[in-house]
Amino acid sequence: MALYNKTFLIFTLIKIRRMILSMTGFGSSSCNFNDKTITVSLKSLNGKITDVRCKIPNNYREKELYLRQAILDKAKRGKIELSIAMESLSGDDEHSLNKNLYRKYHGDISEINKELGIENGDIVNAILRIPNVVSISEGSVDEAEFNMVMGTLNKASANLEEFRSTEGEAMAKDLELRIQNISNSLEAIIPLEDKRMLKIKERINGNLKELISPDAIDQNRFEQEVLYYLEKLDITEEKVRLKQHCKYFLEELRNAKVEKGRKLGFITQEMGREMNTIGSKAQFSEIQHIVVQMKDDLEKIKEQVANLV
């Protein structure tokens, strides 16, 4: 126990420090122990929580807790699949065939096929894939072997994190670009503001003239009503908040904390609310077209953020 506790300690202390990690990735490592090759593979997929699944030899089930804990301390977040494969260098993989179970499946399948008029085909491979027909000789795990496995798991985990880091850095560059696109779109709205206000004022005036004679319109009263209406349609606060959200997003993206996917997801929700309000208040097609472009970038940002640790 002491030997692989030491390996476990090394495993938890050696960490690749990266700013951005993707939730998807793959890492593997192999080692030789006595007369067999041991391959440890880790595959991670998108997931809201950390979920570890183990495909390991039956005699390793007693060590599954240690394996899971080692992965949890390293993986941070996502669906992680651990696979441990053993291959005998001497060609003897210690497989055994359950002959009685094989005969039973073969007889039952052949009888059903004959009854239904179906050709047997290649039922041999199908039967061999049925659980417990072919099994690996079991026994307690050798202490020295498990130490070797833990060290190999450490290397596989480092390779997984390197993979996730490389993918995460590429995603970060794309996210920064799309946030910049949104910021540029916000700037593009500014020169359209005066034109927008004039159009709204003209529309109100035109609608009013259709209902009331121009001579009967009190211009002072009209100007007051227009100002009140325009205040209700003012999008200055929304633009300021959206700009701040963009700045906050970049700050969180670039900070040293590894787990940032959830927080960035919350920020994108707030960005979406401001965009929706700008679009609904604008009542001006040129600004609404810009909002549609911003929403397109935001949707791509959400897709990327959903895959960040």
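Reader: Hi! Which residues have the most contacts inside the largest nonpolar core?

Author: Those are Leu242, Phe249, Leu253 and Met271, in a core of 30 residues. A nonpolar core here is a set of buried Ala, Val, Leu, Ile, Met, Phe, Trp, Tyr and Cys residues joined through side-chain atoms within 4.5 Å. Buried means under 20% relative accessible area, exposed over 50%, and partly exposed in between, with a 1.4 Å probe and protein chains only. Bear in mind that this is a predicted model, where local features need pLDDT of at least 70 and side-chain atom pairs count only at pLDDT 80 or more, while totals for chains, interfaces and linings use all residues. Residues are numbered from 1 along each chain as its sequence is written, and side-chain values use heavy atoms, with hydrogens and water left out.

Reader: Thanks! Which helices each supply at least two residues of that core?

Author: α5 (143–189), α8 (236–254), α9 (261–282) and α10 (285–305) do. Helices (H or I, at least four residues) and strands (E, at least two) are DSSP runs, numbered from the N terminus. A second, separate core has 23 residues, including Cys31, Leu42, Tyr60 and Val141.

Reader: And how many helices and strands does the chain have?

Author: Ten helices and six strands. The chain has 309 residues, and 38% of them count as buried.

Reader: Let's move to the sheet. What is the strand order?

Author: The order is β1-β2-β4-β3, in an open sheet of four strands with mixed pairing. Two strands pair if DSSP finds at least two bridges between them. β1 (25–33) and β3 (51–55) are the edge strands, each with a single partner, so one side of each has no neighbour in the sheet. From one strand to the next, the twist averages 15°. For angles, axes are lines fitted to C-alpha atoms, for helices over the stretch in contact, and values run from 0 to 180 degrees between N-to-C directions.

Reader: In which sense do β1 and β2 pair?

Author: They are antiparallel, with nine bridges between β1 and β2 (residues 36–45). Gly27 has Leu42 as its bridge partner in β2, and Ser29 sits opposite Val40. The two strands form a hairpin with two residues between them, and Asn34 in the turn has a positive phi of about 55°.

Reader: Nice. How many bridges join β2 and β4?

Author: Ten, again in an antiparallel pairing. One place to look is Ser44, which stands opposite Ile80 in β4.

Reader: What packs on the sheet?

Author: Helix α2 (residues 64–75) does, touching β2, β3 and β4 (79–88), and its direction makes about 140° with that of β3. Contact means heavy atoms within 4.5 Å. α5 lies across β1, β2 and β4, and runs at about 155° to β1.

Reader: Is Cys31 buried or exposed?

Author: Buried, with a relative accessible area of 10%. Cys31 lies in strand β1. Leaving aside neighbours within four places in sequence, Cys31 is in contact with Lys36, Thr37, Ile38, Met148 and Thr152. Cys31 and Gly151 are 120 residues apart in sequence, with 9.1 Å between their C-alpha atoms.

Reader: What about Glu145, buried or exposed?

Author: Glu145 counts as buried too, at 6% relative accessibility. This residue is found in helix α5. Not counting residues up to four places away in sequence, Glu145 touches Phe33, Lys36, Ile38, Tyr60 and Met86.

Reader: Which residues line it?

Author: Leu21, Lys74, Ala75, Lys76, Ser157, Leu160, Glu161 and Arg164 line the largest cavity. α2 and α5 are the elements that give two or more residues to that lining, and the largest share, four residues, comes from α5.

Terms used:
1 Å grid on protein atoms, 1.4 Å probe; cavity = no way out; pocket = protein on both sides within 12 Å on 5 of 7 lines; lining within 4 Å.
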